[in-house]
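Visitor: I'm new to this one. Could you show me how to read it, feature by feature?

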Amino acid sequence: MRPAALDWSVENCTIARAMEILGERWTLVVLREVFTGVRRFDDMRVRTGIPRQVLTNRLASMVEQGVLSREPYREPGSRLRHEYRLTEKGLDLWPVLVAVLGWGDRYLADAEGPPLSVTHRDCGAEVRAELRCVDGHDVGRPRDVVPSPGPGARRRTP
């Protein structure tokens, strides 16, 4: 049986486009750091062990893509430096990181448990990513979701 998905093109796929920005391992590690409040280059480098040039490249790419912004700061007696802040585009990645964190906690955490948790600021309850349709229904299982061509889909030409 031939899958119907073969009838439409994936050349303009937004998942592929997103992975061009996010697909490198260190990108999500940098985002984790910025989301947890670590915004300065040297702090990120020391905390994560990312090689200096790799971190420089990742930060530059995320600034260029509009995920992070560079904000100047100066410690008394020091030269001007920059820290990295999430833009609106960057903040919209939080559910993605929460989903990756939840998957990692489920399948990859050490016996002692995960080293990071995320909680709701107002009530302290654990936060996790869940699937919900736009009509507000919880989608309990991934198999309850049906992929189909969207409005920007292009018919594949044989």
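Predicted model: local features only at pLDDT ≥ 70, side-chain atom pairs only at ≥ 80, totals over all residues.

Visitor: At what angle do H2 and H4 pack?

Guide: About 75 degrees, with the axes 10 Å apart. H2 and H4 are therefore roughly perpendicular to each other; the scheme is under 35 degrees for roughly parallel, over 145 for roughly antiparallel, 65 to 115 for roughly perpendicular, and oblique for the rest.

Visitor: Which residues make that contact?

Guide: H2 brings Trp-26, Thr-27, Val-30 and Leu-31, and H4 brings Val-54, Leu-55, Arg-58, Leu-59 and Met-62. Contact means heavy atoms within 4.5 Å. Sorted by class, the contact of H2 with H4 has seven nonpolar, one polar and one charged residues. For those classes, Ala, Val, Leu, Ile, Met, Phe, Trp, Tyr, Cys and Pro count as nonpolar, Asp, Glu, Lys and Arg as charged, and the others, Gly among them, as polar.

Visitor: And how do H3 and H4 pack?

Guide: Helix H3 (residues 41-48) and helix H4 (residues 52-64) have axes 10 Å apart, at an angle of about 125 degrees. H3 and H4 are therefore oblique to each other. H3 passes H4 in a right-handed crossing. A crossing is left-handed if the near helix is turned anticlockwise from the far one by less than a right angle, and right-handed if clockwise.

Visitor: Which residues touch there?

Guide: On H3, look for Phe-41, Asp-42, Met-44 and Arg-45; on H4, for Arg-52, Leu-55, Thr-56 and Leu-59. The contact of H3 with H4 has four nonpolar, one polar and three charged residues.

Visitor: What about H2 and H3?

Guide: Their axes come within 11 Å and cross at roughly 115 degrees, and the crossing of H2 and H3 is right-handed. Trp-26, Val-29, Val-30, Arg-32, Glu-33 and Val-34 of H2 meet Met-44, Arg-47 and Thr-48 of H3.

Visitor: Next, salt bridges. How many are there?

Guide: The general idea is that side chains of opposite charge can pair when their charged atoms come close. A salt bridge here is a side-chain nitrogen of Lys or Arg within 4 Å of a carboxyl oxygen of Asp or Glu. Searching the whole structure finds 13 salt bridges.

Visitor: Which residue pairs with Arg-154?

Guide: Arg-154 forms a salt bridge with Glu-11, with the closest N and O atoms 3.6 Å apart. This pair links distant parts of the chain, 143 residues apart: Arg-154 is in the segment after helix H6 (94-108), and Glu-11 is in the segment before helix H1 (14-22).

Visitor: Are those two residues buried or exposed?

Guide: Arg-154 is partly exposed, with a relative accessible area of 41%, while Glu-11 counts as exposed at 65%. Buried means under 20% relative accessible area, exposed over 50%, and partly exposed in between (1.4 Å probe, protein chains only).

Visitor: Which partner does Glu-83 have?

Guide: Glu-83 meets Arg-40 in a salt bridge (3.3 Å, N to O). Glu-83 lies in strand S2 (residues 81-86) and Arg-40 in the loop between helix H2 (25-35) and H3, 43 residues apart. Glu-83 counts as buried at 10% relative accessibility, whereas Arg-40 is partly exposed at 26%.

Visitor: Where is His-120, and what does His-120 contact?

Guide: His-120 is in the segment after H6 and is partly exposed at 38% relative accessibility. Leaving aside neighbours within four places in sequence, His-120 is in contact with Ala-125 and Val-127.

Definitions and conventions: Residues numbered from 1 in each chain as written. Heavy atoms only, no water. Axes fitted to C-alpha atoms, helices over the stretch in contact; angles between N-to-C directions. Helix = DSSP H or I, 4+ residues; strand = E, 2+ residues; numbered from the N terminus.
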